[in-house]
Amino acid sequence: MGAPGSPTTRRRMPRPEGESRPRFTDRLPEDFTRPDINPFLVAHREHGHPLLPASEAWPYRGRWHEAFGREAPLHVEIGSGNGFFLAELARRNPDWNVLGIEIRYKRTVLCAKKIEAAGVSNALITRYDAWYLDDLFEDGSLAGLYVNHPDPWPKVRHEKNRLLSRWFLEESCRLLADGAWLRVKSDFEDNVARIPRLLDADGEGAPLPRLPLQITGRSDDVITGPAPWPDDIETNYQSKFRKKGEPVYAIELRREAR
Ligand SMILES: C[S@@+](CC[C@H](N)C(=O)[O-])C[C@H]1O[C@@H](n2cnc3c(N)ncnc32)[C@H](O)[C@@H]1O
């Protein structure tokens with residue numbers, strides 16, 4: 001068993017037909033031999049609104065408006081880290097419901113604190129594993145999906161752990177509403193460069209059916225040039241790469257009409 005809250009490194013299996021239960025399950029503090037190793041294991045459960053532990057998140061599948069207390073377009077950020085982007089996205093877009101998904105216990109608490117400090121009521125953070133998005137969302141239910149600096153896994157033998165994969169693009173097609181966007185930023189060039197290839201091939205380049213995603217913008221550096229979308233929000237990792245003078249790559253794709 002990995003350290004409490006460490007990112008997933010296994011491949012997600014296809015959801016069995018007719019399965020309605022969540023496949024990502026929250027381990028309780030008592031499931032760990034040394035729960036004290038990570039105080040945020042307990043802290044993330046005790047924090048309360050705007051932080052939803054996994055067991056409180058998946059029941060909102062198909063009714064996230066109830067968690068937010070209103071109907072509004074649902075925008076989801078994966079791997080929210082310290083929560084700056086999440087809170088700022090919510091602050092700049094009061095008409096959206098904004099949900100962050102983060103696997104690490106401590107970071108979910110940091111995100112919750114950022115949301116609280118921003119004084120916004122349209123953002124939530126959940127501790128969930130992004131390889132199980134279908135536990136959380138129905139088809140066509142997302143207005144926007146954001147992946148900022150996902151763990152890069154640059155070594156070839158770790159490539160299967162990269163979230164930005166053919167599987168993830170297929171999942172995005174399923175989850176995004178018609179015309180909705182997927183916005184990706186990464187300091188690891190190949191994570192962005194391979195997305196156009198993965199639209200009609202697998203990771204090894206074998207041809208696959210073309211996915212209904214249109215590339216609507218791309219940038220080889222959102223620091224020295226414009227992002228492929230208006231009003232870019234600098235993330236914590238993005239600021240680290242800006243300070244190092246290194247580029248941040250970006251791509252935007254939109255779901256074609258069904
Ligand atoms: C490199 S950090 C980037 C954080 C933030 N997006 C930023 O740009 O500053 C990647 C984040 O993704 C989270 N993460 C990694 N695997 C994940 C998974 N399977 N599900 C949800 N979050 C995950 C990590 O815990 C970490 O906070």
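This is a predicted model: local features need pLDDT of at least 70, side-chain atom pairs count only at pLDDT 80 or more; totals for chains, interfaces and linings use all residues.
Student: Which residues of helix α7 are buried?
Tutor: In helix α7 (residues 166-175), the buried ones are R166, F168, E171, S172 and L175. Buried means that 20 or more other C-beta atoms, placed from the backbone, lie within 10 Å of the residue's own. Helices are DSSP runs of H or I with at least four residues, strands are E runs of at least two, and both are numbered from the N terminus.

Student: What do the buried residues of α7 pack against?
Tutor: They pack against α6 (133-136), β5 (142-148), β6 (176-186), α8 (189-198) and β7 (213-219). Contact here means C-beta atoms, placed from the backbone, within 7 Å.

Student: What is the mean pLDDT of the chain?
Tutor: The mean is 93, and 93% of the residues reach 70 or more. pLDDT is the predictor's confidence in each residue, from 0 to 100.

Student: New topic. How many helices and strands are there?
Tutor: The chain has 9 helices and 8 strands.

Student: And how much of the chain is buried?
Tutor: Of its 258 residues, 39% count as buried.

Student: Which residues does L86 contact?
Tutor: Leaving aside neighbours within four places in sequence, the contacts of L86 include E77, V98, I115 and A123.

Note on methods
Residues are numbered from 1 along each chain as its sequence is written. A residue is buried if 20 or more other C-beta atoms lie within 10 Å of its own, exposed if 12 or fewer, and partly exposed in between; C-beta atoms are placed from the backbone. Two residues are in contact if their C-beta atoms, placed from the backbone, lie within 7 Å.
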